[in-house]
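Dear colleague,

I am passing on a structure that you have not worked with before. Please open it first, and then read the notes below beside it.

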Amino acid sequence: MSAEAGVSSSTIGRIWKEHGLKPHLTKTFKLSNDKRFAEKLEDVVGLYWNPPENAIVLSCDEKSQMQALDRTQPGLPMKKRRCGTMTHDYKRNGTTTLFATLNTLDGSVLETCMPRHRHQEWLRFLNLIRRNTPSDKVIHIICDNYATHNHAKVQSWMKRNKRFQVHFTPTSASWLNMVERFFRDISERRLRHGVFRSVDDLVNAVTQYVAHHNEDPKPFIWTATASDILEVKRSRKKLNTLRSL
């Protein structure tokens, strides 16, 4: 760019800095092509903004293929004038899947870990929710369109447990599921820099984190309205149309 503009590289860098430009950074996004996007969006956001009376709204999902990673050499702890260290390579000691549900009203979490995430495990998780929620409450479950959530046996279970109502998020819209925020927190605060010599170590770390979280849970506050999100989607779609001209 400096050669093309006939100025020095430092001048280019100064101009970028003055205008807050960072061309080396990129942000990714994906627009949902779900034909029922608006309908599903308004349904889920409506539960966040105006939860039904005498009901519990639960945001549910799986965090699959969590790896129990052990570093090849011990790291050094953080100390004055030196950050903590850890090796770039690691040993894999197996995987597990975290099933979690976030109560959107009070922020509490119910979790369990299982080796796989088929419809059988999803049914076990639904039964865990059933046993741990008041029988006189309607349960609204927010989840994605993963195939196991729509399995025929899951649908049969729903017909037998009529107090459970499922609300699917649009395709390619995992950001709409509030439990994803909890998954981000547990990844950054406990899992990313952890050392786990076995799957049991990993499961114990997850259990302890959730127990600590539930001692003083705080709900995540959803602030965007459905109309705000739809306006952003329309703007993105229009921008992509203009770029293709």
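This is a predicted model: local features need pLDDT of at least 70, side-chain atom pairs count only at pLDDT 80 or more; totals for chains, interfaces and linings use all residues.

Residues are numbered from 1 along each chain as its sequence is written, and side-chain values use heavy atoms, with hydrogens and water left out.

Helices (H or I, at least four residues) and strands (E, at least two) are DSSP runs, numbered from the N terminus. Axes are lines fitted to C-alpha atoms, for helices over the stretch in contact, and angles run from 0 to 180 degrees between N-to-C directions. Helix H4 (residues 119-131) packs against helix H5 (residues 152-160) at an angle of about 20 degrees, their axes being 9 Å apart. H4 is therefore roughly parallel to H5, a term used for angles under 35 degrees. Contact (heavy atoms within 4.5 Å) is made by His119, Trp122, Leu123, Leu126, Asn127 and Arg130 of H4 with Lys153, Val154, Trp157 and Met158 of H5.

In the other pair, the axes of helix H6 (residues 179-191) and helix H7 (residues 199-215) come within 11 Å and cross at roughly 115 degrees. On the H6 side the contact is made by Phe182, Asp185, Ile186, Arg189, Arg190 and Leu191, and on the H7 side by Leu202, Ala205, Val206, Tyr209, Val210 and His213.

A nonpolar core is a set of buried Ala, Val, Leu, Ile, Met, Phe, Trp, Tyr and Cys residues joined through side-chain atoms within 4.5 Å, where buried means under 20% relative accessible area (1.4 Å probe, protein chains only). The largest such core has 33 residues, and those with the most contacts inside it are Leu41, Leu98 and Val206. Helix H3 (37-49) gives the most to this core, with six residues, and H6 and H7 are among the elements that each supply at least two. Val206, not counting residues up to four places away in sequence, touches Met66, Leu98, Glu111, Cys113, Ile186 and Leu191. Apart from this core lies another, of 18 residues, including Cys60, Trp122, Phe125 and Ile141.

Thr101 has its place in strand E2, and it counts as buried because its relative accessibility is 3%. Leaving aside neighbours within four places in sequence, Thr101 is in contact with residues including Leu58, Cys60, Leu110, Phe125 and Ile129.

With best wishes

Methods: Angles under 35 degrees count as roughly parallel, over 145 as roughly antiparallel, 65 to 115 as roughly perpendicular and the rest as oblique. Buried means under 20% relative accessible area, exposed over 50%, partly exposed in between (1.4 Å probe, protein chains only).
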